[in-house]
There are 2 protein chains.
Amino acid sequence: MKWYRSGNPFKTGAILNYPQEMLEIEKIEKFKFLTEKDKTVLLYEINKTDYIYGLGETLGTLNKRGKKYRLYAADDPNHTPEKESLYGSHPFVIVDGINPFGFLIDYPGEIIFDVGYENKNILKIEFEKEDFDIFIFETNIKKDIIKEFLELTGKPHIFPKWAFGFQQSRWSYPDKEAINKVASNFREKDIPCDAIYMDIDYMDNFKIFTFNDKSFEDFENFAKDIYSKGFKLVPIIDPGVKIEKNYYMYEEGVKNNYFCKKETGEDFIAAIWPGLSHFPDFMQEETRKWWGEKYEIFTRLGINSFWNDMNEPSIFFTDRTAGELMGMVQNVLANKDKEINPLEIQQKMMTLSNNVQDYKNMYHEDDEGNKINHHEIHNLYGHNMLKSSADGLSKLMPEKRHFLLTRSSYIGTHRYGTLWMGDNMSWWEHMIVNIRMLQSLNMCGYFYTGADIGGFGCNASPELVIRWMQLGIFSPLYRNHSAWGTRNQEPWAFDEDTENIMKNTLKIRYSLITYAYSEYMKSVKNSKTFITPLFMEYNTARAKETEDQFLYGDSIMVTPIYIQNAKGRYVHLPEDKWLFCLMKSNEEKQAKIYESGDHYINVEMEEIPFFIKENSLVPFNESMNYVGEKEITEITVLGFVTDKAFYEIYDDEGTDTKYAENYSKLKIEVRKKDEEFLFSVNKEDFGDYESKIKIIHFEIYDEKNILHTHKIEI
Amino acid sequence: MKWYRSGNPFKTGAILNYPQEMLEIEKIEKFKFLTEKDKTVLLYEINKTDYIYGLGETLGTLNKRGKKYRLYAADDPNHTPEKESLYGSHPFVIVDGINPFGFLIDYPGEIIFDVGYENKNILKIEFEKEDFDIFIFETNIKKDIIKEFLELTGKPHIFPKWAFGFQQSRWSYPDKEAINKVASNFREKDIPCDAIYMDIDYMDNFKIFTFNDKSFEDFENFAKDIYSKGFKLVPIIDPGVKIEKNYYMYEEGVKNNYFCKKETGEDFIAAIWPGLSHFPDFMQEETRKWWGEKYEIFTRLGINSFWNDMNEPSIFFTDRTAGELMGMVQNVLANKDKEINPLEIQQKMMTLSNNVQDYKNMYHEDDEGNKINHHEIHNLYGHNMLKSSADGLSKLMPEKRHFLLTRSSYIGTHRYGTLWMGDNMSWWEHMIVNIRMLQSLNMCGYFYTGADIGGFGCNASPELVIRWMQLGIFSPLYRNHSAWGTRNQEPWAFDEDTENIMKNTLKIRYSLITYAYSEYMKSVKNSKTFITPLFMEYNTARAKETEDQFLYGDSIMVTPIYIQNAKGRYVHLPEDKWLFCLMKSNEEKQAKIYESGDHYINVEMEEIPFFIKENSLVPFNESMNYVGEKEITEITVLGFVTDKAFYEIYDDEGTDTKYAENYSKLKIEVRKKDEEFLFSVNKEDFGDYESKIKIIHFEIYDEKNILHTHKIEI
């Protein structure tokens, strides 16, 4: 790994462990370094056989060639394909060519990545200022690039085990009655679920760290009741503080100088959900501390799961942008005989929100009292808000793992929580976006992540929600969420048939909890991705080009259906044989050996297709209503063994922070010797945690498609 | 075919030949007919194995199941997947199930088609009024449904032969110098092209039927010059007439009552490109005649090719909608302490344009002087504008075939010209939209149609334009068009390599002119689609589900690349063997026999993949700079013959309207007898047209992949 420095970079906090040696940027070899008049540029000549992966949360193909990306956090509610920015900035890239290498840039302002867009053969990286660090990973082994990235930026935050359960959300369940109804529906209908989200309407008039006294009267008892049914509540937290006399957050913030400023030194103002608001200056230690402590109104009720939204920070408009638009419209109406320019009005409407000039008018102060222009460190706002939240929760409930999502993120934000993929749409096209982004986000440390299942904006059809829920089985964060005014998409929102399919789907997810949690914990421990793109594992051109399949843990390859009305799909199976599994439910499944190569598989609406690797095992447990409802004492190991296969079930208590000391390992081995199979299990408990698994059933297929069963009691 | 009538339908003019017997709607068998309080409804219970195709210009999959469509012409510049309306209304459907049938509805107002969206098993068709005709085609043979549809609605307009050449457009080439430069680029670079479009900036201040005297000074000589180089000019025509004293169109229209009215009887006003404008009332014979005669300013220069745009009719805003928005913005700025509702402002901005209430405030008068509310016949506006244009041109240049595109269309508009697919985007996702829409528009009579190649809105990458230009070879209308402020996408707009690929691509298109024109003319003559979905030809589930391949004429199956960075694709080959052709240029091609089934084919950036059917032939001619530049005297017939193959080359003069009398047929036959091939050609000339083809080369593959060549001189 080599570390090059250009200029005098801002201390972002992204890098935890710097390499020993810092080199001057002029010494960089992989890139041509140029300073042009208004910008600094890195150039890389793309080889014809290079595949360029990375950039975390961005649209477009997994191989980023052919598009331009602008890493500048944006609240964009319309993820159409031409968009260059989403909510975060993840300038980490793997170039998979003759000699694979990776690189990471640490720069908190706008970066433009032109990946062969202007010129097919040039990767051009543009910075407004010359001040950045770049780290080059020249290991050649793609998996080691990820390891080195995580050495620099730290291990991912460990989520509680229930985070692998299903999570239901909507903007908004308007009151506690609605949430109670959702909760009882899940339990009465025997559909598993672990968490229910609370969107902005739980607050009093969108004022942060308040409750609406009418719709959520006696919040404490309501929360207690929901938790007693095995659910977690996940309230939303927005950064904007409403300007309102006597509102405690406003008064404390103004008094203590916690808010971002205008150039003149007055508090910066913009309109967001609560109306005209101020923005906490999360660059300041004091502000972060103040903010983090406010979570106490939740933690005193045992709530430590939250989503931090709107933290790009999103701005709906300022009096400047709204004033300009109004002036233009007035002008048109007053000059009826003059020429109208509809294009200009349209452009003005499109730049009303999240206007760069507004960000340039906003200022932070660092802990030494230096004034910092927001625009120059724009991409750190969400990162520091999440840091503030995580630090606060760690102090308030130090023994418990928190659950924190953020919309805006930076490199290293994975240490505090994770991101969800923001405001997608109920578009079939956004399923493939989801599939690709799971892979690219895992590459930069967001092992636990996911998109809004079923799509957030627009109306969803039952088929779309079914197919997306089926994909969701293999999405670490498994949250169904939908927007105001759109069709409901809870499992029961459609017809009975659809409800049954989703119920079976969710039960499969819950039967895979043992596998999911084991694979996730081992991924973090071993610094390898949990969701893995095929290019990381297989070095053929076809594997590098297969973007609509991914590895989920070490044993499973996922091949989702993501086209409307499709009754099957093509799959590419890299080297070796695979066991094709087609599950309707935990009770109804088919399995069949497939040779490597290309195949068309038939998949009915109620079927979930995936493949198990040769010489691999997958443990299934009994489904349950929520994680922890029942002790898992029996496991069925499904596998495909032609030689020998090994699986290690990892487990721990699931919510406390002592997972490094107290955990268990169950080592399972299946060995084929001639036509015989040998089965063995080896139990290892560490600290004061003990595996509860007593019985293991084996369902092992051999290369002739013959099923071998066995049972071991521990 | 059965004809059912409900209520008292408006005479749309869509149907040319009514069946003898009219039945009451209550007698309809295929549907349940219901009148609910505010609407009339037809219900069809969808069978699990039904595939539902049709609806012409709509988004979504070819099989329309799972989505809701609203047939109400809309100028929507953002074709995102959730959109229910595009520019036209084509309520023609084929239900491909156990007993296939089709139906056509004639109703000029809004129709909602819910194709298993609310309820997976119900097709629900909703009308605001009860007055409509429905025609049911119960032939069982899918191709006959198309025949019967065309019997009702008439044969497609016959386009001139040059329409199969390439066409270059941009909003806008700002002046004649720019157009001259484009023209000379094509000729100097030896890149074929037949037409150059003129977007709105050729006019004086967007005033229709005027020329900008500065940027297009001496238009007559400019036009003469362009035509002398073998190009056609295609000016845009918009319906809105600018309100401006002494402007002849305005003065004549007001004086003679040619404009649509408000309820009060004053002329209706809305803002569009020229500013505040009036809209010609194309429902009136007199207005249509007046409008049609105005084309004389072009026809006197020999120009008879046009695109009719903005004829939904598009409305940017009225003082009503703009006033409401302004009031809301003012209110927010004035009440800084009050709650803001950003959702409402956003919604108001989105309904500023093409607002239904504005259409409800607009009135027509029919030829009997009856007042008709525009909203109720909204979908006829573009249809009647095109009729006015077509009738005008037929009078002005009766001996010549005109070339007319329209953005808005209805059933039967195909008799006057065709539609292009409107304002798409430079999105990869819009290539598959293009592929599907070619198929669904062909089904309802628009044999000659196409999308903006390379995408209209947003910036295109070189790879996108290459892949789209390659698809364009098989798009009847082959027009590259791009929007104001976006990246240029002419063949030379990128790098040299890209230019070479596009040049080779265009030369292949021109080498297929003989095939394209023959297939097109035979399609019209035989009332069968020119672009044919696989479900029309093959009755397997897989064929019915394969939407990203299509038949182009009788011999070719097209399998385009439409994914960024893809270096190949999967193809499904229905029954029989196929000859896989991979062309880099007319000089560099590979061909290989493939068995039926599923395959992955490798396709490099510069390669164009397609398949030739077993026992089929494809004639190639020498490429040329524009259609008619050279006489075609030699043909190379590429084919795949295992038994016998027959091909008929149709030809005629290409521009005159006497094609029914003067034409030629060249009948080519290849017969395999044991290991020998027999070749024969039979020439038939009709009227005063004579085929110029003198030499035919044969390149015939047999099932063993062996190439057999032969030459015949006539």
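# Domains, sheets and helix pairs, term by term

Q: What distance separates the centres of domain 1 of chain A and domain 2 of chain A?
A: The two centres, taken over C-alpha atoms, are 28 Å apart. This is a predicted model, in which local features need pLDDT of at least 70 and side-chain atom pairs count only at pLDDT 80 or more, while totals for chains, interfaces and linings use all residues. Residues are numbered from 1 along each chain as its sequence is written, and chains are lettered from A and ligands numbered from 1 in the order in which they are written.

Q: What makes up the domains into which chain A is divided?
A: The bounds come from an automatic or database domain assignment. They give domain 1 (2-153), domain 2 (161-321 + 348-511) and domain 3 (516-713).

Q: How many residues of domain 1 of chain A are in contact with domain 2 of chain A?
A: Contact here means that the C-beta atoms of two residues, placed from the backbone, lie within 7 Å. By that test, 35 residues of domain 1 of chain A touch 35 residues of domain 2 of chain A. On the domain 1 side, α1(A) gives the most, with four residues.

Q: What classes do the residues on that side of domain 1 of chain A divide into?
A: There are 20 nonpolar, eleven polar and four charged residues. Ala, Val, Leu, Ile, Met, Phe, Trp, Tyr, Cys and Pro count as nonpolar, Asp, Glu, Lys and Arg as charged, and the others, Gly among them, as polar.

Q: Which helix supplies the largest share of the side of chain B that touches chain A?
A: The contact takes 53 residues from each of chain B and chain A. On the chain B side, α7(B) contributes nine residues, the largest share. A helix here is a DSSP run of H or I with at least four residues, a strand is a run of E with at least two, and both are numbered from the N terminus.

Q: Why do β15 and β16 of chain A stand at the edges of their sheet?
A: The open sheet has three strands in the order β15-β17-β16 (chain A), with antiparallel pairing. β15 (241-242) and β16 (270-272) of chain A each have a single partner strand, so one side of each is left without a neighbour in the sheet.

Q: Why are α5(A) and α10(A) called oblique to each other?
A: The axes of α5 (residues 285-293) and α10 (residues 381-396) of chain A come within 8 Å and cross at roughly 55°. Angles under 35 degrees count as roughly parallel, over 145 as roughly antiparallel, 65 to 115 as roughly perpendicular and the rest as oblique. The pair therefore falls in the oblique class. Axes are lines fitted to C-alpha atoms, for helices over the stretch in contact, with angles from 0 to 180 degrees between N-to-C directions.

Q: What makes α12(B) roughly parallel to α13(B)?
A: α12(B) and α13 (residues 496-511) of chain B pack at about 10°, with axes 9 Å apart. That angle is why α12(B) counts as roughly parallel to α13(B). In this contact, B:P462, B:I466, B:M469 and B:Q470 of α12(B) meet B:T498, B:I501, B:M502 and B:T505 of α13(B). By class, five of these residues are nonpolar, three are polar and none is charged.

Note on methods:
Pairing = 2+ DSSP bridges.
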